[in-house]
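Subject: Structure handover and findings

Hello,

Here is the structure I promised to pass on. Please open it alongside this note; the findings follow below.

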Amino acid sequence: MTSLIYGRPPAVFDPPGDAVQTSPLIPGSASLDDMAQGSADAVTMLAPPGALERRAVLAQALHVLKPGGRLDVMAPKDKGGSRLGKELKAWGLEVGETAKAHHRRCQVIRPERIEGLDAAIAAGALQRVEGLDAWSRPGVFAWDRIDRGTTVMAAHLPPLKGAGADLGCGFGALSTVALRSPAVTSLRLIDIDRRAVEAARRNVEDPRAAFDWADVRMMEESGDLDFVVTNPPFHDGGAEDRRLGQAFIRKAAGLLGKGGALWLVANRHLPYEAELNAAFKRVRVVVEADGYKLFEAGK
(Lines give C-alpha, C1' and ligand atoms only; values in the text may rest on other atoms or scores of the structure.)
Protein backbone atom coordinates (compact mmCIF):
# COMPACT_ATOMS: atom_id res chain seq x y z
CA MET A 1 0.00 0.00 0.00
CA THR A 2 1.35 3.41 -1.01
CA SER A 3 0.52 6.04 1.60
CA LEU A 4 1.49 9.70 1.23
CA ILE A 5 1.46 12.57 3.69
CA TYR A 6 1.57 16.30 2.96
CA GLY A 7 2.79 18.57 5.74
CA ARG A 8 2.63 17.78 9.44
CA PRO A 9 -0.97 17.18 10.56
CA PRO A 10 -1.53 17.54 14.32
CA ALA A 11 -0.89 14.35 16.27
CA VAL A 12 -4.51 14.33 17.44
CA PHE A 13 -5.46 13.16 13.93
CA ASP A 14 -3.13 10.13 14.13
CA PRO A 15 -1.17 10.79 10.93
CA PRO A 16 0.45 7.62 9.53
CA GLY A 17 4.04 7.25 10.62
CA ASP A 18 5.16 5.24 7.59
CA ALA A 19 3.76 7.52 4.86
CA VAL A 20 6.00 9.20 2.27
CA GLN A 21 6.33 12.92 3.01
CA THR A 22 5.53 15.18 0.03
CA SER A 23 5.52 18.71 1.46
CA PRO A 24 7.65 21.22 -0.49
CA LEU A 25 8.41 22.90 2.86
CA ILE A 26 10.26 19.88 4.27
CA PRO A 27 13.67 19.59 2.53
CA GLY A 28 14.32 16.16 1.11
CA SER A 29 10.66 15.28 0.67
CA ALA A 30 9.25 13.64 -2.43
CA SER A 31 7.35 15.83 -4.89
CA LEU A 32 3.60 15.32 -5.16
CA ASP A 33 3.79 17.10 -8.53
CA ASP A 34 6.03 14.38 -9.97
CA MET A 35 3.94 11.38 -8.90
CA ALA A 36 2.02 9.39 -11.48
CA GLN A 37 -1.75 9.49 -11.73
CA GLY A 38 -3.40 6.74 -9.70
CA SER A 39 -0.18 5.73 -7.94
CA ALA A 40 -1.25 6.19 -4.30
CA ASP A 41 -3.71 4.34 -2.09
CA ALA A 42 -4.08 7.05 0.56
CA VAL A 43 -3.12 10.69 1.12
CA THR A 44 -3.16 12.44 4.50
CA MET A 45 -2.83 16.21 4.29
CA LEU A 46 -2.59 19.33 6.38
CA ALA A 47 -3.99 21.71 3.78
CA PRO A 48 -2.17 25.01 3.18
CA PRO A 49 -3.99 28.27 4.02
CA GLY A 50 -3.82 30.04 0.64
CA ALA A 51 -6.87 29.38 -1.55
CA LEU A 52 -5.11 28.90 -4.91
CA GLU A 53 -2.35 26.82 -3.35
CA ARG A 54 -4.82 24.72 -1.35
CA ARG A 55 -7.05 23.96 -4.35
CA ALA A 56 -4.02 22.99 -6.43
CA VAL A 57 -2.62 20.68 -3.74
CA LEU A 58 -6.01 19.07 -3.14
CA ALA A 59 -6.40 18.51 -6.87
CA GLN A 60 -2.90 17.05 -7.16
CA ALA A 61 -3.59 14.68 -4.25
CA LEU A 62 -6.80 13.49 -5.88
CA HIS A 63 -4.91 13.11 -9.18
CA VAL A 64 -2.35 10.72 -7.67
CA LEU A 65 -4.95 8.68 -5.77
CA LYS A 66 -6.24 5.43 -7.22
CA PRO A 67 -10.01 5.12 -7.68
CA GLY A 68 -11.21 3.96 -4.28
CA GLY A 69 -8.24 5.62 -2.58
CA ARG A 70 -8.80 7.80 0.49
CA LEU A 71 -8.02 11.46 0.97
CA ASP A 72 -7.93 12.57 4.62
CA VAL A 73 -7.41 16.33 4.82
CA MET A 74 -7.63 18.84 7.64
CA ALA A 75 -6.93 22.54 8.25
CA PRO A 76 -7.44 25.06 11.06
CA LYS A 77 -10.92 26.56 10.85
CA ASP A 78 -9.54 30.07 10.38
CA LYS A 79 -6.89 29.03 7.82
CA GLY A 80 -8.98 27.38 5.13
CA GLY A 81 -10.64 24.65 7.19
CA SER A 82 -14.07 26.25 7.00
CA ARG A 83 -13.87 26.10 3.19
CA LEU A 84 -12.44 22.60 2.74
CA GLY A 85 -15.77 20.79 2.43
CA LYS A 86 -17.17 23.29 -0.06
CA GLU A 87 -14.03 23.14 -2.20
CA LEU A 88 -14.12 19.34 -2.38
CA LYS A 89 -17.85 19.23 -3.06
CA ALA A 90 -17.34 21.63 -5.98
CA TRP A 91 -15.66 18.70 -7.76
CA GLY A 92 -18.77 16.58 -7.21
CA LEU A 93 -17.24 14.57 -4.37
CA GLU A 94 -19.00 13.01 -1.42
CA VAL A 95 -17.37 14.43 1.67
CA GLY A 96 -17.41 13.25 5.27
CA GLU A 97 -16.76 16.29 7.43
CA THR A 98 -16.00 16.59 11.16
CA ALA A 99 -14.57 19.16 13.58
CA LYS A 100 -11.79 18.52 16.10
CA ALA A 101 -9.10 20.52 17.89
CA HIS A 102 -10.08 23.79 16.14
CA HIS A 103 -9.67 22.07 12.75
CA ARG A 104 -12.09 20.91 10.09
CA ARG A 105 -11.43 17.42 8.77
CA CYS A 106 -12.73 16.07 5.46
CA GLN A 107 -12.50 12.52 4.18
CA VAL A 108 -13.12 11.51 0.58
CA ILE A 109 -13.07 8.22 -1.31
CA ARG A 110 -11.88 8.96 -4.81
CA PRO A 111 -14.40 8.10 -7.53
CA GLU A 112 -13.41 6.83 -10.97
CA ARG A 113 -13.75 10.26 -12.62
CA ILE A 114 -13.43 13.82 -11.30
CA GLU A 115 -13.97 16.89 -13.48
CA GLY A 116 -11.99 20.09 -12.96
CA LEU A 117 -8.77 18.82 -11.40
CA ASP A 118 -6.54 19.82 -14.32
CA ALA A 119 -7.60 23.46 -14.15
CA ALA A 120 -6.89 23.69 -10.42
CA ILE A 121 -3.50 22.01 -10.84
CA ALA A 122 -2.56 24.39 -13.67
CA ALA A 123 -3.57 27.46 -11.62
CA GLY A 124 -1.18 26.39 -8.85
CA ALA A 125 1.72 25.31 -11.07
CA LEU A 126 4.99 27.09 -11.82
CA GLN A 127 4.09 29.86 -14.24
CA ARG A 128 5.34 33.07 -15.82
CA VAL A 129 3.46 35.70 -13.82
CA GLU A 130 1.93 38.45 -15.90
CA GLY A 131 3.24 41.87 -14.87
CA LEU A 132 5.99 40.39 -12.68
CA ASP A 133 8.28 39.24 -15.49
CA ALA A 134 9.31 36.24 -13.39
CA TRP A 135 8.48 32.60 -12.78
CA SER A 136 6.59 31.82 -9.58
CA ARG A 137 3.62 29.89 -8.23
CA PRO A 138 1.02 30.07 -5.44
CA GLY A 139 2.49 29.11 -2.07
CA VAL A 140 5.79 30.88 -2.66
CA PHE A 141 6.19 34.03 -0.53
CA ALA A 142 4.71 37.07 -2.33
CA TRP A 143 4.35 34.81 -5.34
CA ASP A 144 2.74 37.30 -7.72
CA ARG A 145 4.37 40.59 -6.70
CA ILE A 146 7.54 42.23 -5.43
CA ASP A 147 6.87 42.76 -1.72
CA ARG A 148 7.56 46.16 -0.20
CA GLY A 149 10.50 45.00 1.88
CA THR A 150 12.34 43.76 -1.19
CA THR A 151 11.55 47.03 -2.94
CA VAL A 152 13.07 49.01 -0.05
CA MET A 153 16.27 46.96 -0.08
CA ALA A 154 16.56 47.09 -3.87
CA ALA A 155 16.42 50.88 -3.77
CA HIS A 156 19.23 51.24 -1.22
CA LEU A 157 21.51 48.21 -1.61
CA PRO A 158 25.01 49.33 -2.68
CA PRO A 159 27.11 47.32 -5.13
CA LEU A 160 28.24 44.18 -3.30
CA LYS A 161 31.42 42.21 -3.78
CA GLY A 162 32.80 38.78 -3.08
CA ALA A 163 30.93 35.63 -2.10
CA GLY A 164 27.46 35.90 -0.63
CA ALA A 165 24.14 34.27 0.15
CA ASP A 166 20.47 35.17 -0.08
CA LEU A 167 18.75 33.56 2.91
CA GLY A 168 15.10 32.82 2.19
CA CYS A 169 15.55 33.71 -1.47
CA GLY A 170 11.94 33.23 -2.58
CA PHE A 171 11.69 33.34 -6.35
CA GLY A 172 14.97 35.28 -6.55
CA ALA A 173 14.04 38.98 -6.54
CA LEU A 174 16.76 40.10 -4.08
CA SER A 175 19.34 37.84 -5.69
CA THR A 176 18.73 39.53 -9.02
CA VAL A 177 19.54 42.88 -7.40
CA ALA A 178 22.68 41.56 -5.67
CA LEU A 179 24.02 40.02 -8.87
CA ARG A 180 23.87 43.35 -10.70
CA SER A 181 27.29 44.04 -9.20
CA PRO A 182 30.07 42.52 -11.34
CA ALA A 183 32.23 42.36 -8.20
CA VAL A 184 30.03 39.58 -6.78
CA THR A 185 31.91 36.33 -7.36
CA SER A 186 29.27 33.85 -6.16
CA LEU A 187 25.81 33.82 -4.59
CA ARG A 188 23.99 30.96 -2.86
CA LEU A 189 20.21 31.17 -3.08
CA ILE A 190 18.69 29.25 -0.16
CA ASP A 191 15.05 28.61 0.70
CA ILE A 192 13.06 26.05 2.68
CA ASP A 193 10.42 25.96 -0.07
CA ARG A 194 11.28 23.66 -2.96
CA ARG A 195 8.89 25.61 -5.20
CA ALA A 196 10.73 28.86 -4.51
CA VAL A 197 14.07 27.28 -5.40
CA GLU A 198 12.60 25.89 -8.64
CA ALA A 199 11.30 29.34 -9.55
CA ALA A 200 14.59 31.02 -8.63
CA ARG A 201 16.48 28.63 -10.94
CA ARG A 202 14.32 29.90 -13.80
CA ASN A 203 14.62 33.56 -12.84
CA VAL A 204 18.33 33.79 -11.96
CA GLU A 205 20.22 32.53 -14.97
CA ASP A 206 23.66 33.60 -13.84
CA PRO A 207 26.68 31.28 -13.67
CA ARG A 208 27.65 32.82 -10.31
CA ALA A 209 24.44 31.55 -8.70
CA ALA A 210 24.01 28.24 -6.84
CA PHE A 211 20.74 26.96 -5.39
CA ASP A 212 19.98 25.11 -2.16
CA TRP A 213 16.67 23.65 -0.97
CA ALA A 214 17.42 23.82 2.73
CA ASP A 215 16.26 25.09 6.10
CA VAL A 216 18.45 28.11 6.78
CA ARG A 217 18.31 27.42 10.52
CA MET A 218 19.98 24.02 10.04
CA MET A 219 22.80 25.09 7.72
CA GLU A 220 26.45 24.60 8.57
CA GLU A 221 28.07 27.91 9.48
CA SER A 222 30.99 28.33 7.10
CA GLY A 223 32.25 31.66 8.46
CA ASP A 224 33.68 32.68 5.09
CA LEU A 225 31.09 34.75 3.25
CA ASP A 226 31.57 38.42 2.39
CA PHE A 227 27.90 39.36 2.48
CA VAL A 228 24.40 38.08 3.21
CA VAL A 229 21.14 39.60 2.00
CA THR A 230 17.83 38.58 3.49
CA ASN A 231 14.18 39.51 3.79
CA PRO A 232 13.53 36.87 6.45
CA PRO A 233 10.18 35.18 7.05
CA PHE A 234 8.23 35.96 10.19
CA HIS A 235 5.29 33.60 9.73
CA ASP A 236 5.18 29.87 10.31
CA GLY A 237 2.03 28.04 9.22
CA GLY A 238 0.24 31.38 8.90
CA ALA A 239 1.03 32.53 12.47
CA GLU A 240 3.56 35.26 13.26
CA ASP A 241 6.78 33.84 14.67
CA ARG A 242 9.46 36.44 15.31
CA ARG A 243 11.95 33.72 16.22
CA LEU A 244 12.39 32.92 12.52
CA GLY A 245 13.97 36.27 11.71
CA GLN A 246 16.07 36.13 14.87
CA ALA A 247 17.36 32.70 13.81
CA PHE A 248 18.23 34.08 10.36
CA ILE A 249 20.28 36.84 12.02
CA ARG A 250 22.26 34.35 14.09
CA LYS A 251 22.81 32.12 11.08
CA ALA A 252 23.99 35.04 8.95
CA ALA A 253 26.54 35.93 11.62
CA GLY A 254 27.84 32.36 11.52
CA LEU A 255 28.07 32.32 7.73
CA LEU A 256 29.95 35.62 7.43
CA GLY A 257 33.68 36.03 7.75
CA LYS A 258 35.45 38.85 9.56
CA GLY A 259 34.52 42.13 7.94
CA GLY A 260 31.47 40.61 6.26
CA ALA A 261 28.15 42.43 6.13
CA LEU A 262 24.53 41.46 6.61
CA TRP A 263 21.87 43.43 4.76
CA LEU A 264 18.48 42.73 6.30
CA VAL A 265 15.08 44.28 5.64
CA ALA A 266 12.18 43.71 8.02
CA ASN A 267 8.84 45.10 9.07
CA ARG A 268 9.42 48.05 11.37
CA HIS A 269 7.55 46.48 14.29
CA LEU A 270 9.72 43.36 14.47
CA PRO A 271 12.17 43.30 17.43
CA TYR A 272 15.43 42.48 15.67
CA GLU A 273 17.75 45.20 17.03
CA ALA A 274 18.76 43.26 20.16
CA GLU A 275 19.60 40.14 18.15
CA LEU A 276 21.58 42.19 15.62
CA ASN A 277 23.54 43.99 18.30
CA ALA A 278 24.34 40.71 20.04
CA ALA A 279 25.60 39.01 16.88
CA PHE A 280 27.45 41.87 15.14
CA LYS A 281 30.06 44.50 16.02
CA ARG A 282 28.25 47.35 14.34
CA VAL A 283 24.65 47.85 13.32
CA ARG A 284 23.02 50.77 11.57
CA VAL A 285 19.60 51.52 10.19
CA VAL A 286 20.16 52.52 6.59
CA VAL A 287 16.61 53.69 5.96
CA GLU A 288 13.05 53.45 7.24
CA ALA A 289 10.45 53.46 4.48
CA ASP A 290 6.99 52.03 3.72
CA GLY A 291 6.76 50.40 7.15
CA TYR A 292 10.15 48.66 6.83
CA LYS A 293 13.64 49.06 8.22
CA LEU A 294 16.78 48.25 6.26
CA PHE A 295 19.75 47.29 8.43
CA GLU A 296 23.41 46.91 7.66
CA ALA A 297 25.31 44.86 10.25
CA GLY A 298 29.06 44.21 10.16
CA LYS A 299 31.15 41.41 11.67
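A residue counts as buried when its relative accessible area is under 20%. By that cut-off, strand 12 (residues 225–230) is mostly covered, with five of its six residues buried. Please keep in mind that this is a predicted model.

**Around strand 12**

Strand 12 has partners on record here. Strand 9 runs parallel to strand 12, and four bridges join the two. Within that pairing, aspartate 166 has valine 229 of strand 12 as its bridge partner. Strand 15 (residues 256–267) also runs parallel to strand 12, through five bridges. There, leucine 225 is paired with leucine 256 of strand 15.

Now to one residue of strand 9 (residues 162–167), alanine 165. Is alanine 165 buried or exposed? Its relative accessible area is 1%, so alanine 165 is buried. Leaving out residues up to four places away in sequence, alanine 165 touches Leu187, Arg188, Ile190, Leu225, Phe227, Val228 and Val229. For a distance check, take asparagine 277, which lies 112 residues from alanine 165 along the chain. Their C-alpha atoms are 21 Å apart.

Strand 4 (residues 65–76) and strand 6 (residues 103–109) run antiparallel, joined by seven bridges. In this pairing, arginine 70 sits opposite isoleucine 109 of strand 6. As background, strands of a sheet pair through backbone hydrogen bonds, whether parallel or antiparallel.

**Helix 2**

Helix 2 has 13 residues and spans 17 Å from first C-alpha to last. That is close to the 18 Å expected at 1.5 Å a residue. Where does helix 2 bend? The bend is at arginine 83, by about 35 degrees.

Which residues of helix 2 are buried? They are Gly80, Gly81, Leu84, Gly85, Glu87 and Leu88. An α-helix has 3.6 residues a turn, so residues three or four places apart point the same way. The buried residues of helix 2 pack against helix 1 (51–64), strand 4, strand 5 and strand 6.

**Histidine 63**

Histidine 63 is in helix 1. With a relative accessibility of 19%, histidine 63 counts as buried, because the cut-off is under 20%. Histidine 63 touches Gln37, Gly38, Leu117 and Ile121, again not counting residues up to four places away in sequence.

**Cysteines**

How many disulfides does the structure hold? The count is zero. For reference, a disulfide is a covalent bond between the sulfur atoms of two cysteines. Cysteine 106 is buried, at a relative accessible area of 0%. Cysteine 169 also counts as buried, at 6% relative accessibility.

Best regards

Definitions and conventions
Residues numbered from 1 in each chain as written. Predicted model: local features only at pLDDT ≥ 70, side-chain atom pairs only at ≥ 80, totals over all residues. Heavy atoms only, no water. Pairing = 2+ DSSP bridges. Disulfide = S-S within 2.5 Å. Buried < 20%, exposed > 50% of the residue type's maximum accessible area, 1.4 Å probe, protein only. Expected span 1.5 Å × (residues − 1). Bend = angle between axes of the 7 residues up to and from the residue. Contact = heavy atoms within 4.5 Å.
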